[in-house]
Amino acid sequence: MAQGLEVALTDLQSSRNNVRHHTEEIAVDHLLVRRGQAFNLTLYFRNRGFQPGLDNIIFVVETGPLPDLALGTRAVFSLARHHSPSPWIAWLETNEATSTEVSLCAPPTAAVGRYLLKIHIDSFQGSVTAYQLGEFILLFNPWCPEDAVYLDSEPQRQEYVMNDYGFIYQGSKNWIRPCPWNYGQFEEKIIDICLKLLDKSLHFQTDSATDCALRGSPVYISRVVCAMINSNDDNGVLNGNWSENYTDGANPAEWTGSVAILKQWYATGCQPVRYGQCWVFAAVMCTVMRCLGIPTRVITNFDSGHDTDGNLIIDEYYDNTGRILGNKKKDTIWNFHVWNECWMARKDLPPGYGGWQVLDATPQEMSNGVYCCGPASVRAVKEGEVDLNYDTPFVFSMVNADCMSWLVQGGKEQKLHQDTSSVGNFISTKSIQSDERDDITENYKYEEGSLQERQVFLKALQKLKARRFHGSQRGAELQPSRPTPLSQDSPRSLHTPSLRPSDVVQVSLKFKLLDPPNMGQDICFVLLALNMSSQFKDLKVNLSAQSLLHDGSPLSPFWQDIAFITLSPKEAKTYPCKISYSQYSQYLSTDKLIRISALGEEKSSPEKILVNKIITLSYPSITINVLGAAVVNQPLSIQVIFSNPLSEQVEDCVLTVEGSGLFKKQQKVFLGVLKPQHRASIILETVPFKSGQRQIQANMRSNKFKDIKGYRNVYVDFAL
């Protein structure tokens, strides 16, 4: 008489499956698979082999604390039945005397997360035995055409899912610099931290069963993650801080990667890490989304609008010296702002609006009661379809709002100019499998100055007016934009043109730097004044300089001057200016941004001429040299060369070095004091543990500066 079938051992074939599912970078000793793609396992039996006609093997998969068949978080499917009602399927691969290999496949819509795998064996005499085979993690699958995150380009999948380092662009539109970043999405424990992050969300805490059931939707997951990266509503990963006071945490400029941030959050019982700003929020979100399998990239928008009242106009206020003021509306133009794009289908929108979606984890405005933004279709933004979910009006204003400049004098506000092209410049991301920068501005809007761009702007404005009329739009009464003739200067010129319509401008002003603006050196520039009329002009020009934070917030002025310039007809003159290091050093923000402004007036005219320029001071970068060939599991020496760029001593110097696959954890070297202009180097030893293209990221901070950075790409060979 045949005995009931007993399982002695199960081989989940983790190493083999993980390679096929592109998860071997995460682990090889436990199973991580992607939905919509088969994975294999082998059952070893104790007493006899599997007999298809006598034995029925039933698989059970469960995820979440309350697995439920109706919700899709529990599935029961049989090896014997090919027409099972379950969307999960299993089939026989090979059947040996005492072992059986089977394939299992999750549907391409299954909820992602940690699963428990069990089987029931129903033998011919009615005996039923149950076994728990183990756990596995199910991820999104951009290689599967039926998955909502499917991306049909292998180079793009390698860049936006598999690449664990990159660049985040900072600075200003006149000086764009790449900041190296270690995403580290495949580093040890990061997948566990990402799943913990989902479980810490307000959605899971409120209704865990429904939350887990919805985790098959990239739209849903992206909103949950977006809200959890900041800590405004929950114990999210990062506290934001734009105050310039970071004494109880880390200056956001010091971070060089996401791994240290996520591990600190996890190790402290999910207490928010101090501190982050926009690029840190976006970088950490990129790590989490790539780890979960959703193609993601980091985007920088220069001159990014923050429109608080939804009228697509950013109001900026100036005093009679030309310095920018804070304003009660809190409208600002961020020198740069960073967000994410995630790739996904949008079945909740009309056809054609899938693909790249904007998600912004920086806590700026609330969306459905929580601080998150998106996903907003990039195509919807370009076409002005601001009535499509989610948060499309806010994203539209970041890249294509108009800017209104006002002079505040004697308690009154005088309109200076409305600029239709100053917001949203050089929208940038890292190129595919290259260290170059891609300009993707055309994905977000039609060319500035074109008829199409204005038509889209007016369409968006009308849609927002309609929403406000129906009571769904917050903020002040909407005022239609009055397009003004564009300046003959290119929108990408190195200054802001005089803020008056070109048909009445008779005098123009602009700034020109005489030397590159390097930290520790004097800033030398001239004000160029040009009289385009056939009459003499007497000008009085108030000049000022003030530091800015990258979110556009102005600090107090530290330099002022008054110039009296007389211009003959058609004459041009220059007025030389110098701001010494001693004048600006104690007022400089971490962002190293200085706005110089000039407000000119003619004696014979009430008209004002405003011009400004943002200067980004630069540091010498850190140099990294790899000494010898990089080979897995063999010692490697790395030389890091750094210097103090200032003509004064700096203290509390700390060098931070990291790199996924090269260092098990972030390296910190305490350097102490560096003498003026001192140049030095150190040698670090490490043992690479992953092959392929890798990157080393380095940062040096002191009591005078926080973010002198450097990077070096390294190719690590397999051990011979």
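The following dialogue walks through a predicted model of one protein, from its overall build to two annotated sites.

Colleague: Before we start, what conventions apply to the numbering and to the values?

Modeller: Residues are numbered from 1 along each chain as its sequence is written, and side-chain values use heavy atoms, with hydrogens and water left out. Since the model is predicted, local features need pLDDT of at least 70 and side-chain atom pairs count only at pLDDT 80 or more, while totals for chains, interfaces and linings use all residues.

Colleague: How many helices and strands does the protein have, and how compact is it?

Modeller: Helices (H or I, at least four residues) and strands (E, at least two) are DSSP runs, numbered from the N terminus; here there are 13 helices and 37 strands. The radius of gyration is taken over C-alpha atoms, and the globule rule is 2.2 Å times the number of residues to the power 0.38. For 720 residues that rule gives 27 Å, and the protein's own value of 30 Å is close to it, so the protein is as compact as a globular protein of that length. Along the principal axes, the C-alpha atoms fill a box of roughly 115 × 65 × 40 Å.

Colleague: Which domains are assigned, and how far apart are the centres of domain 1 and domain 3?

Modeller: Domain bounds come from an automatic or database domain assignment, which here gives domain 1 (7–139), domain 2 (154–473), domain 3 (507–616) and domain 4 (623–716). The C-alpha centres of domain 1 and domain 3 are 70 Å apart.

Colleague: What share of the residues is buried, and what share of the contacts joins residues 24 or more positions apart?

Modeller: Buried means under 20% relative accessible area, exposed over 50%, and partly exposed in between (1.4 Å probe, protein chains only); by that criterion 57% of the 720 residues count as buried. Contact means heavy atoms within 4.5 Å, and among contacts with a separation of 6 or more, residues 24 or more positions apart account for 68%.

Colleague: Which residues of the largest nonpolar core touch the most other members?

Modeller: A nonpolar core is a set of buried Ala, Val, Leu, Ile, Met, Phe, Trp, Tyr and Cys residues joined through side-chain atoms within 4.5 Å. In the largest one, which has 70 residues, those touching the most other members are Trp181, Leu197, Val225, Ile229, Ile261 and Trp279. Helix α8 (residues 278–292) supplies the largest share of this core, 13 residues, and at least three residues come from each of domain 1 (7–139) and domain 2 (154–473). A second, separate core of 57 residues includes Leu539, Tyr619, Leu636 and Phe705.

Colleague: Where does Val288 lie, and which residues is it in contact with beyond its neighbours within four places in sequence?

Modeller: Val288 lies in helix α8 and is buried, at a relative accessible area of 0%. With neighbours within four places in sequence set aside, Val288 is in contact with Cys194, Leu197, Val225, Ile229 and Leu262. Ile229, under that exclusion, has contacts that include Leu197, Phe281, Val284, Met285 and Val288.

Colleague: Which residues fall under "binding site", and is Asn400 buried or exposed?

Modeller: The unreviewed UniProt entry lists Asn400, Asp402, Glu448 and Glu453 under that annotation; they are spread over 54 residues of sequence but cluster in space, with a largest C-alpha distance of 11.8 Å. Asn400 is in helix α10 (residues 392–400) and is buried, with a relative accessible area of 2%, and Asp402, in strand β20 (residues 402–409), is buried at 0%. Residues up to four places away aside, Asn400 touches Val423, Lys445, Glu448, Glu453 and Phe457. Nine of the nine residues of α10 are buried, so this helix is largely enclosed by the rest of the structure.

Terms used
UniProt positions renumbered as here; feature names shortened; annotations may be inferred.
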